[in-house]
Amino acid sequence: MAGEEIRGRAPDPVSPGDDWARVEADPEFRALVRAKRSFLLPATVFFIVYYFALPVLVGYFPEAMGRDVFGEVNVAYLFALSQFFMAWILMWLYVRRARGFDAQAERIAAQVRGGAR
Amino acid sequence: MNTSLVMFLVFIAITLGITYWASKRTQTTAEFYSAGRSITGFQNGWAVAGDYMSAASFLGIAGLIAFYGYDGFMYSVGWLVAYLTVLLLVAEPLRNTGKFTMADVLAFRLRSRSVRTVAALSTLTVSLFYMIAQMVGAGSLVSLLIPQIGFNTAIVMVGVLMLIYVIFGGMLATTWVQIVKAVLLMGGTILLSVMVMARFGFSFGTFFDAVAGVTGSFCEAGTPKAGVCPDGSAPVVRDYTQPGLYYHGQWGPLSLISLGVALIFGTAGLPHILVRFYTVPSAQQARVSVVWAMILIGAFYIMTTFLGFGAATLVGKENIGVMKDGALVPNQNLAAPLLAQELGGEVFLSFVAAIAFATILAVVAGLTIASSSAFAHDIWFNVVKGGKEDEREQVMVARIAAGVIGILSIVLAIALRSLNVAFLVGLAFAVAASANVPAIVLTLYWRRFNTVGMVVGMLVGLLSSVVLIVLSPAVMGIDPPTAAARHLIQAAPVFPLDNPAIVSVPLGFLAAVLGSLLTRDPAAEAAYSELNVRANTGVGAV
């Protein structure tokens, strides 16, 4: 099929030609990717582990999870509720870190656009 | 005149006004598919929440909690935590590298035609399943709350309205319909929650004491008959604050985990949610959208416990249903409406019914626009026409596609009306998690990923989830002749879990990785540099 070779990217107004690999190798870009990874990877692993702890514990240890903490409020309910706050706190931490990523990304983007002209 | 009917008509009038306003701003493809990227992050956050909080969550979760206590809450948790996947891994790179559809991101560095064909197939499958479930729900809900409107009339009404929004008002009208609906839904839920707590003197202690006073029972295997389990033992009794009333027995825990897999990974693969991120001007605004969506969705799902436990304590499980031939037929979807009636009488019941109706309409409109863009932009424009630009023709094709998909879903919903189609929502999540998410995540984060891996991974994810769900207790089961909603296949289930995700998601990932490792595509690897730079910096984003 002849049309198979067309890659589907959008028309690019600011393409630096074949130099994407050069930008990718640029120390500043590599620092950005490293910084993002050092936040995103642990954050993702953490929320997946924290989340799946709930169905695993509730599913396999319903009696222990059903134990009351205060009044009729039990471990299972508090743990489920804590998931909401876990999600919101992780969200807040990410948004705070992402401002730094934005500034770095903007500097690199400006260089790429400048180089294309 | 029925107050529900009046409130429905008011909502319809408002949304048609929005559509008229939007229709004058919807000519180009960017306007039709993505509202001209003119939506702010804050507005889009409300729209994402509106697109996501379907009737299944508003009515379904309240009902599940009212009938099974704590276990119903497990859905609520998964539905929020899922947004961390969207926030951390998908929303921003998607916005930076795509244009209109999910397939845009996948086709970025892979062979366009095969990738778009498979991705569009998956989009259409997910959206159509989801849509049929919503439409059947709409039919039974509307005909129940407004007896003057029959089941089929209700479905046709919902179908025609969603088509008007989408065909004339495009994404702009769809977005504002979702925002209006989300405001109504949040308002109604807050009001209901406050009224529930008022009954308990705003004391959580009193509230939980009452919840713990409600009990349910189950057998480790089989269902109890006349208070005795099939094996002769007495049923296990648990109060509503304790886990286990829904998920128990040999396969219960694994079913619960499998549901978690579908929810946590599926959301990031729902095409109608993903396309919402193209309506904002930048990746930063996409991030702001997810933040607002998470605040709203989280607050909403915490409040579902008040609705569900409220219905369990104030209405009582034994009273939630419809009277038919002198006997009460239980109906989980009625927990929230009947709670509203208990708290605020007929007017409040009508208000909640109108919200449920608005909810369904907004969600089906979002699904319709996502599927019409998958057909028009991916199949028609990129595969059939080889990417030759013709704005007017493409918008025309998208409108026709919306019409065809809308009519198809009306016909299917009417044909399937007597069947239990709640599993279709679970199936949509499972397909999204098993077929779409491996492809999206791997193309963004793995240089070695290629076209063969994507096509094989997507097909394996799609087929395995569909086949497993057909063999599962969601589709197969033997019903007593009196059952209101029957299983599609009257036979004992082959696959023991309700949701296939715990098997099909790893299968989808495995197939995608193996397919990539067994073949080489140097062009795809070379193009990763461009994807990587653009996804992370926003250079060249449309």
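**View 1. Glu525(B) in helix H18 of chain B.** In this predicted model, Glu525(B) sits within helix H18 (residues 522-537) of chain B, helices (H or I, at least four residues) and strands (E, at least two) being DSSP runs numbered from the N terminus. Glu525(B) has 15 C-beta neighbours inside 10 Å and therefore counts as partly exposed; a residue is buried if 20 or more other C-beta atoms lie within 10 Å of its own, exposed if 12 or fewer, and partly exposed in between, with C-beta atoms placed from the backbone. Leaving aside residues up to four places away in sequence, Glu525(B) touches Arg447(B) and Arg448(B), where contact requires C-beta atoms, placed from the backbone, to lie within 7 Å.

**View 2. Helix H3 of chain B.** Eleven of the twelve residues of H3(B) are buried, so this helix is largely enclosed by the rest of the structure. The buried residues, among them Trp46(B), Val48(B) and Tyr52(B), pack against helices H8 (151-199), H11 (271-274), H12 (283-315) and H13 (335-384) of chain B.

**View 3. Chain A.** Four helices and two strands make up the elements of chain A, which follow the pattern α-α-α-β-β-α along the sequence. Of its 117 residues, 26% count as buried.

**Notes.** Residues are numbered from 1 along each chain as its sequence is written, while chains are lettered from A and ligands numbered from 1 in the order in which they are written. Because the model is predicted, local features need pLDDT of at least 70 and side-chain atom pairs count only at pLDDT 80 or more, whereas totals for chains, interfaces and linings use all residues.

Key. Two residues are in contact if their C-beta atoms, placed from the backbone, lie within 7 Å.
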